[in-house]
Amino acid sequence: MNEELEELAARAAAGDQSVVPELLQAIRPQVQRRVARFLPYREDAEEAVQDTLLQVANKIHTFKGTGSFAGWVTIVATNQARQTYRSLKRRQVEQSAEVMPEAIDPRTTSVIAGSRLDLLEALENLESSHPQLVQPLVLRDLGAMTYAEIATELDVPLGTVKARIHQARKAVAERLTVH
């Protein structure tokens, strides 16, 4: 399937629009898994999936084939999930100005959801101070890509990828540690 997917992607990137629906259908499960790692609520994740598939359809011509298509999709899905999170966060701030917030009931709050939101906050903080560290960390720890794949995808030396991931993990761990 991977070779077939790479072939479909190459054809779509070359301008063959007839394969785009098949390509989108083939990557949907991968995209769902990627965004679900970021967004704890199914409806939010589905919004990010739809936006990711739209981005892939609209930007497939930018896929150059230097890295794997799966890696490229991981980057698009990751960026879209983080963008969806930012959008949801903005909406929440706007709504909270209009409505008094309810107290959070720990019996109805998912520990997994809370930890994902903490991670997203830590990534947002890291991006504001060291933006070059975020993408390698996300691709490795959430995208499950190898160091070599990340180096190829980001077009940086392997040692740079390893160093950035190490620095990013340290910064995120500090942010996630309860004091």
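Analyst: In this predicted model, the residues that line the largest cavity divide into four nonpolar, three polar and one charged. They are Ile75, Thr78, Asn79, Arg82, Val134, Gln135, Val138 and Leu139. Ile75, Val134, Val138 and Leu139 make up the nonpolar group, Thr78, Asn79 and Gln135 the polar group, and Arg82 is the charged residue. The volume of this cavity is about 30 Å³, and the count of cavities of 30 Å³ or more comes to one.

Two elements, H4 and helix H6 (131-142), each give two or more residues to the lining of the largest cavity. The lining also draws on two domains, with at least three residues from each of domain 1 (1-99) and domain 2 (108-178).

The axes of H6 and H8 come within 8 Å and cross at roughly 90°. This angle falls in the range of 65 to 115 degrees, so H6 counts as roughly perpendicular to H8. On the H6 side, the contact is made by Gln132, Leu133, Pro136, Leu137, Arg140 and Asp141; on the H8 side, it is made by Arg164, Ile165, Gln167, Ala168, Arg169 and Val172. By class, the residues of this contact comprise six nonpolar, two polar and four charged.

H8 (residues 158-176) also meets helix H7 (residues 147-154), and the two axes come within 9 Å and cross at roughly 105°. H7 is therefore roughly perpendicular to H8. Tyr147, Ala148, Ile150 and Ala151 of H7 make this contact with Leu158, Val161, Lys162, Ile165 and Arg169 of H8. Here the division is seven nonpolar, no polar and two charged. Ile165 and Arg169 of H8 take part in the contact with H6 and also in the contact with H7.

Helix H2 (20-36) and helix H4 (69-98) are the elements that give two or more residues to its lining. The largest share, five residues, comes from H2. The lining of this pocket divides into five nonpolar, five polar and three charged residues, and at least three residues come from each of domain 1 (1-99) and domain 2 (108-178).

Methods. Residues numbered from 1 in each chain as written. Predicted model: local features only at pLDDT ≥ 70, side-chain atom pairs only at ≥ 80, totals over all residues. Heavy atoms only, no water. Helix = DSSP H or I, 4+ residues; strand = E, 2+ residues; numbered from the N terminus. Domains from an automatic or database assignment. Axes fitted to C-alpha atoms, helices over the stretch in contact; angles between N-to-C directions. Parallel < 35°, antiparallel > 145°, perpendicular 65-115°, else oblique. Contact = heavy atoms within 4.5 Å. 1 Å grid on protein atoms, 1.4 Å probe; cavity = no way out; pocket = protein on both sides within 12 Å on 5 of 7 lines; lining within 4 Å. Points joined across faces, edges and corners; volume = space filled by probe spheres on them.
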